Amino acid sequence: MNTGLPADQGNDLTRGFVPFPTDRAEVYRRAGYWTGRPLDSILTEAAATWPDKPAVIDSAQTYTFRELDAAADRVAAGLAALGIRPGDRVLLQLPNSCQFAIALFGLLRAAAVPVMCLPGHRTAELGHFAEVSGAVALIVPDEAGGFDYRDMAGRLAAEHPSLQHVIVDGENGPFVAWSSIRDFDGPAVERAAVDPGLPALLLVSGGTTGLPKLIARTHDDYVYNAVASAQACEMTAEDAYLVALPAGHNFPLACPGMLGSMTVGAPTVFTADPSPENAFALIDKFRITVTGLVNALAKLWAQACEWEPVLPTSLRFVQVGGSRMSPEEARFILERLTPGMSQIFGMAEGMLNFTRPGDPEDVVVHTQGRPMSPHDEMRVVDESGDGVPPGEEGELLVRGPYTLNGYYRDDDANARSFSPDGFYRTGDRVRIFADGPRAGYVEVVGRIKDVIHRGGETVSATDLEDHLHTHPAIYAAAAVALPDEYLGEKICAAVVFRGKPITLAELNAFLDERGASKHARPDVLMPVRSLPTTAVGKVDKKQLVAQLTS
Ligand code: OOB
């Protein structure tokens with residue numbers, strides 16, 4: 001492969017990278033999805049088309065597209081002066097802010113490969129990312145959300161000698177000051193040529209089991225991801241996007257998120273505080289029209305509409321996704337927050353499904369959308385890997401113009417996670433509706449492994465959670481397995497109540513009334529104040545079980 005990079009660098013970046021097979025790559029190029037542009041061309045083109053329009057906004061500052069473009073050039077020169085070379089991996093862990101955007105585009109422009117860490121990641125995750133990616137630098141804030149990132153960065157650099165540079169935004173102590181890179185006034189560097197088939201950045205996988213894996217997204221596939229997402233959401237220059245989730249996550253980054261917004265000249269507003277009070281005020285101030293939320297946050301915003309003085313009335317399209325949402329929860333959000341609620345079923349690995357503006361309410365409430373690309377290939381299979389009849393449930397396997405072909409440097413995961421013909425095994429249990437108004441739309445029924453083995457029965461945690469979410473006293477619930485001497489596993493329902501908790505007997509009477517299956521009843525009802533969440537805000541069942549058993 002011609003990497004366009006110096007041999008040593010290119011070889012290093014490509015080690016453990018699984019490219020698209022050439023025959024499919026050719027199809028995606030011919031279809032016009034892949035255009036051969038580097039990822040940072042999204043900014044270059046926006047700066048040429050809308051130079052004076054605001055590009056990124058936070059509580060402290062605003063950059064126009066032209067200013068952001070110039071800032072990216074300065075950062076690229078500053079990084080080069082520091083010794084960062086094309087193809088080098090750099091861990092990027094800045095909070096939601098304009099500085100995040102400047103650092104991301106500066107790295108891309110230097111042809112370095114950002115590893116998109118989330119502010120909630122700690123030594124365990126960052127150490128793993130440093131180890132696997134061989135990153136040479138780490139960019140962190142001094143302190144954010146009550147956490148001092150400098151202590152962690154110091155420890156990481158000591159443990160991972162590959163991390164030669166720690167760059168700190170704010171009080172930098174012994175580390176390199178981010179401001180010295182951002183405001184660099186040395187000579188500009190020539191833009192390095194990049195091969196659009198190579199990784200532009202590394203995303204991290206969203207699973208709640210084990211450490212996240214690294215997902216190399218190529219220039220070609222990620223530009224397409226951003227452009228086509230913005231189209232699917234009918235975004236125009238009149239829109240404004242709010243980043244309320246961690247900006248380095250695929251969802252607010254490119255689905256359509258910041259990058260998709262840029263492809264149509266729409267501004268992106270960042271907030272590190274997604275509380276309804278703060279977010280609603282920002283939505284009102286900047287006339288935000290589009291945002292993306294995980295379910296728990298969407299539910300909180302929907303509920304807050306009851307008491308907040310300023311309501312988010314400018315919103316026209318609110319994407320909700322990241323984990324299973326029952327139709328009752330979807331309806332609650334649609335009725336309380338905005339009729340423009342939309343469901344998105346996506347993954348850092350690629351494949352995206354959206355409900356579209358104008359879809360009938362039935363589709364928006366009962367499905368998680370349909371594929372973004374006409375070239376997304378979906379297969380639904382049973383346990384033995386055979387296709388199930390149309391409309392039936394099974395595991396979703398996917399392949400397409402923006403879905404990975406292998407995790408970065410992880411042969412073991414790749415042996416498990418891909419079919420011989422290159423389909424990614426999502427681990428998601430779905431059904432694709434075969435007919436009626438929902439035809440072609442996907443319903444995510446649960447994770448194939450999210451089951452509880454109680455006695456001789458296999459119980460779906462999602463089924464039980466859906467029943468629980470219909471109870472008026474229940475705000476949020478998660479069903480997990482707890483070890484049991486006699487049953488092997490017993491069913492525990494961890495529940496956040498709206499007010500006074502109900503008893504297990506009352507809950508069971510309610511489940512009787514709903515006709516829920518007899519063996520899928522909680523053995524234990526555990527009232528909790530909140531459910532633990534992952535770095536992006538999904539329910540973290542691993543942590544929940546650890547809490548319940550400690
Ligand atoms: C998004 O990405 P990840 O990588 O954090 O997590 C992907 C996994 C999926 O495999 C699925 O298990 C689950 O999250 N998921 C959903 C869902 N959306 C994601 N499960 C049920 N219903 C949904 N609507 O979570 C992500 C990436 C891009 C856009 C949106 C979400």
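UniProt positions are given here in the numbering of this chain, with feature names shortened, and such annotations may be inferred rather than shown by experiment. With that in mind, the unreviewed UniProt entry places "domain: AMP-binding enzyme C-terminal" at residues 464-538.

This is a predicted model, in which local features need pLDDT of at least 70 and side-chain atom pairs count only at pLDDT 80 or more, while totals for chains, interfaces and linings use all residues. Residues are numbered from 1 along each chain as its sequence is written, and side-chain values use heavy atoms, with hydrogens and water left out.

**Annotated stretch and helices**

Helices (H or I, at least four residues) and strands (E, at least two) are DSSP runs, numbered from the N terminus. Over residues 464-538 the chain is 21% helix and 33% strand, and 18 Å separates the end C-alpha atoms.

Let's turn to helix H4, which has 18 residues (65-82) and spans 26 Å from first C-alpha to last, close to the 26 Å expected at 1.5 Å a residue. That expected span is 1.5 Å times one less than the number of residues in the helix. After H4 comes Gly 83, with a positive phi near 115 degrees. The buried residues of H4 include Phe 65, Leu 68, Val 75 and Leu 79, as well as Asp 69. Buried means under 20% relative accessible area, exposed over 50%, and partly exposed in between (1.4 Å probe, protein chains only).

Helix H7 (residues 149-159) contains Glu 159. In space, Glu 159 lies 8.1 Å from Gly 127, C-alpha to C-alpha, although the two are 32 residues apart in sequence.

| Residue | Relative accessibility | Class |
|---|---|---|
| Cys 305 | 18% | buried |
| Cys 492 | 0% | buried |
| Glu 159 | 52% | exposed |

**Cysteines and cavities**

Counting a disulfide as a pair of cysteine sulfur atoms within 2.5 Å, the model has zero disulfides.

A cavity is a set of points, on a 1 Å grid over the protein atoms alone, where a 1.4 Å probe fits but cannot get out; lining residues have an atom within 4 Å of a point. There are two cavities of 30 Å³ or more.

Methods:
On a 1 Å grid over the protein atoms alone, a cavity is a set of points where a 1.4 Å probe fits but cannot get out, and a pocket is an open set with protein on both sides within 12 Å along at least five of seven lines; lining residues have an atom within 4 Å of a point. Grid points are joined across faces, edges and corners, and a volume is the space filled by probe spheres set on the points.
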